[in-house]
Amino acid sequence: MRCPYCADDSNRVVDSRLGRDDTEIRRRREGQECGKRFTTRERVEDVLPGIVKRDERREDFDRRKLVASLEKACAKRPLPVEALERLTDRIEKRLQESGESEVPSDRLGAWVLDDLVQIDTLAAARFASVFRDFQNAGDYAEFFASATARRAALAADGPPAVRAPEPPRRPPA
């Protein structure tokens, strides 16, 4: 492990603790050369299915790519980073539990949308606009109608794990 400050690979572990949900180990390290401390996180490398894109290309599942797309969809929204991490964890777990060697990207995107609609409808619309390639306002209207119905159905089943506060409604002009 190289020190991010001095790029030297000699360092020592100062402290180790279990991280989020006992799924990772958080280690505090100290660079031997510069004496500065930094944190590393270790996770078990899961064998996840490959993702089959719409054009039939195949890619390995990339957690960072999913988190980056969620961060873009949730930009300037009142969502805690932990909510996005938990959503990503749920998607990863679902991929593992699928037992398949490959999962179509359409199914992966649908799973993300289902979870994201429960957390924040506007962020879900941003994600859907890229995922479903929205072309006009009708695509958005259709999405919001189905998202509202989905949220109502889910509300009858119980509250989601994390929900962002609804933005204040503006009176019609």
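This is a short tour of one protein chain, stop by stop, for you to follow in your viewer.

**Before you start**

The model is a predicted one, in which local features need pLDDT of at least 70 and side-chain atom pairs count only at pLDDT 80 or more, while totals for chains, interfaces and linings use all residues. Residues are numbered from 1 along each chain as its sequence is written, and side-chain values use heavy atoms, with hydrogens and water left out.

**Stop 1: the whole chain**

Show the chain as a cartoon. You will find five helices and six strands; here helices (H or I, at least four residues) and strands (E, at least two) are DSSP runs, numbered from the N terminus. Starting at the N terminus, the order is β-β-β-β-β-α-α-β-α-α-α. Of the 173 residues, 35% are buried. Buried means under 20% relative accessible area, exposed means over 50%, and partly exposed is in between, with a 1.4 Å probe and protein chains only. Contact means heavy atoms within 4.5 Å. Among contacts between residues at least 6 apart in sequence, 46% join residues at least 24 apart.

**Stop 2: the cysteines**

How many disulfides does a search of the whole structure find? The search finds zero. A disulfide is a covalent bond between the sulfur atoms of two cysteines, and the cut-off used here is a pair of cysteine sulfur atoms within 2.5 Å. For Cys3, the closest cysteine sulfur belongs to Cys34 and is 3.6 Å away, too far for a bond. Cys6 is in no disulfide either, and the nearest cysteine sulfur, again that of Cys34, is 3.7 Å away. Cys3 is buried at 3% relative accessibility, whereas Cys6 is partly exposed at 28%.

**Stop 3: helix α2**

Now select residues 81–98, which form helix α2. Its 18 residues reach 26 Å from the first C-alpha to the last, close to the 26 Å expected at 1.5 Å a residue. The expected span is 1.5 Å times one less than the number of residues. Among the buried residues of α2 are Ala83, Leu84, Leu87 and Ile91. Colour the partners that the buried residues of α2 pack against: β3 (37–43), β4 (50–52), α1 (63–73), β6 (102–104) and α3 (105–119).

Zoom in on Glu85, which lies in this helix. Is Glu85 buried or exposed? Glu85 is buried, with a relative accessible area of 19%. Leaving aside neighbours within four places in sequence, Glu85 is in contact with Arg20, Arg63 and Val67. Just after α2, click on Gly99, where phi is positive at about 70°.

**Stop 4: two loop residues**

Select Lys76, in the loop between α1 and α2. Lys76 has a positive phi of about 60° although it is not a glycine, and it is exposed at 85% relative accessibility. Then go to Asp133, in the loop between α4 (121–131) and α5 (137–157). Asp133 is not a glycine either, and its phi is positive, near 55°. With a relative accessible area of 47%, Asp133 is partly exposed.

**Stop 5: helix α3**

Next, highlight helix α3. Its end C-alpha atoms are 21 Å apart, in agreement with the 21 Å that its 15 residues should span at 1.5 Å a residue. This helix is mostly covered, with 11 of its 15 residues buried. Those buried residues include Leu108, Trp111, Val112 and Leu113.

**Stop 6: Ala125**

Move on to Ala125 in helix α4. Ala125 is buried, at 2% relative accessibility. Which residues touch Ala125, leaving aside its neighbours within four places in sequence? The contacts are Phe134, Tyr140, Phe143 and Phe144. Draw a distance from Ala125 to Leu113: the two are 12 residues apart along the chain, and their C-alpha atoms are separated by 8.6 Å.

**Stop 7: the largest pocket**

Finish with a surface view. The largest pocket holds about 590 Å³ of space. On a 1 Å grid over the protein atoms alone, a pocket is an open set of points where a 1.4 Å probe fits, with protein on both sides within 12 Å along at least five of seven lines, and lining residues have an atom within 4 Å of a point. Grid points are joined across faces, edges and corners, and the volume is the space filled by probe spheres set on the points.

Of the 22 lining residues, select the closest to the pocket's centre: Lys53, Lys65, Ser69, Phe127 and Phe131. The elements giving two or more residues to the lining are β5 (58–60), α1, α3 and α4. The lining divides into nine nonpolar, three polar and 10 charged residues. Ala, Val, Leu, Ile, Met, Phe, Trp, Tyr, Cys and Pro count as nonpolar, Asp, Glu, Lys and Arg as charged, and the others, Gly among them, as polar.
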